[in-house]
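Me: Please take a close look at one open space in this model and at what surrounds it. Keep it in plain terms, and give the cut-offs as you go.

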Amino acid sequence: MKLPIVQFTEEQEKFRLEVRSFLEKQLELGTFKTKCDSWLSGSDPAFSKIIAEQGWIGMTWPKKYGGAARSSIDRYILTEEFLAAGAPVAAHWFADRQTGPLLLRFGTEEQRQFFLPKIVKGECFFAIGLSEPNSGSDLASVSTRATKVEGGWLVNGAKTWTSNAHDAHYMVTLVRTEPLDPERKHKGLSQLIIDLHAYGVEIKPIRYLTGEHHFNDVFFENVFVPDNRVVGILGNGWAQGLAELAFERSGPERILSTFPLLSELVEELKKQGDLIGLAEASKLIAEMWGLRNLSIGVAKVLEEGGEVAIPAALVKSIGTKFEQKVPEVARLLVQTMPRLEAERKFDRYMAEAILHAPGFTIRGGTSEVLYGVVAKGVVAG
């Protein structure tokens, strides 16, 4: 498919400067400290509340649910600025990026009325329950089971690599509501909204070697989920999940996780007067610019209700490899001693980028899985 070329309007550029000014003020106040990969590892509920007060959570959603009915391009601009500043947006990220659009498309009116205004106010955070222990990248092998009981479902099983479940109030969870058919593993899957504070839910941290914590194991033992927390149609969880992943895979967060390091690399090279180094860094900037235009095109098609599974997979697969490339190039151009506690920003960003980079091409769908999505689309086309 051919993606549109998007030109920002004068009003949108004005909005960008408004967001940038807000972030500069928050940095001066010491509200947050810039870091790489802040959209996943930077969970700060208090800062998310400040963002909500600006009207910048759920900003594309209808006004009757508390949204601002703004365009997806406005939201893209907002996201770019927050990622470029390395602001801690992880607490509300999944609710804003995925849960809201999922409920607007597949949810009941009761679910929208209950959850969306709370998300917009920064009072309700969501996690996404997909990956499971011993399943690798085979999402269709889901074994977490929901058994029908009077008034709802009993859920038993486990999810792993669940980002920020420890800060979330609810989790959209992919479960098996029908017996497994080995020939049709995608059949019989459904999405349930599980209260993460419900009886029978246990959340255990998965820590980095550095001690950082944003991944979790989540265990369910006879967790009751009422019928009104089923999302969409029973048995349609696979198709709904794929639609949800389009929002997850195509955004600027798949390009800009290491942007603070790239920006600081350019500043270091300027200080040193290293023209050869700047020429090498410019290649990274050119690559980022091309990926950015592709990502913006996907955002525009999403806004218009188009199908973007293949270009979204392309953005994610190429973009995350680019994010991994940034620290590899940076370490060759500027002498560094990477440490998380370093005073020098370049050293600190380098440490963050190096430690987080191995996961870039795994989370949200491994590169190998995404290559399969693209290949199937090419064949089908």
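**The second largest pocket and its surroundings**

Reply: The second largest pocket holds about 570 Å³ of space. Its lining consists of 23 residues, and Glu-81, Ala-84, Ala-85, Phe-259 and Ser-263 are the closest to its centre. Two or more lining residues come from each of α1 (10-29), α4, α8 (259-272), α9 (275-303) and α11. By class the lining has 13 nonpolar, two polar and eight charged residues; Ala, Val, Leu, Ile, Met, Phe, Trp, Tyr, Cys and Pro count as nonpolar, Asp, Glu, Lys and Arg as charged, and the others, including Gly, as polar.

The model is predicted, so local features need pLDDT of at least 70 and side-chain atom pairs count only at pLDDT 80 or more, while totals for chains, interfaces and linings use all residues. Residues are numbered from 1 along each chain as its sequence is written, and side-chain values use heavy atoms, with hydrogens and water left out.

On a 1 Å grid over the protein atoms alone, a pocket is an open set of points with protein on both sides within 12 Å along at least five of seven lines, a cavity is a set where a 1.4 Å probe fits but cannot get out, and lining residues have an atom within 4 Å of a point. Points are joined across faces, edges and corners, and a volume is the space filled by probe spheres set on them. Helices (H or I, at least four residues) and strands (E, at least two) are DSSP runs, numbered from the N terminus.

Of the lining elements, take α11 next. Nine of its twelve residues are buried, so α11 is largely enclosed by the rest of the structure; buried means under 20% relative accessible area, exposed over 50%, and partly exposed in between (1.4 Å probe, protein chains only). These buried residues pack against α2 (38-41), β7 (213-226), α8 and α10 (309-333). One of them is Arg-348, with a relative accessible area of 7%. Beyond its neighbours within four places in sequence, Arg-348 is in contact (heavy atoms within 4.5 Å) with Lys-33, Thr-34, Arg-339, Leu-340 and Ala-342.

Another lining element, α4, also takes part in a nonpolar core, a set of buried Ala, Val, Leu, Ile, Met, Phe, Trp, Tyr and Cys residues joined through side-chain atoms within 4.5 Å. The largest such core has 66 residues, and Leu-23, Phe-82, Phe-126, Leu-261 and Leu-265 have the most contacts inside it. Helix α4 (residues 72-85) gives the most to this core, with seven residues. Setting aside sequence neighbours within four places, Phe-82 touches residues including Val-19, Leu-23, Ile-51, Trp-56 and Val-89.

Phe-82 also lines the largest cavity, together with Ile-51, Trp-56, Arg-75, Leu-78, Thr-79, Val-89, His-92, Trp-93 and Asp-96. This cavity has a volume of about 80 Å³. α4 gives the most to its lining, with four residues, and the lining has six nonpolar, two polar and two charged residues. In total the structure holds two cavities of 30 Å³ or more.
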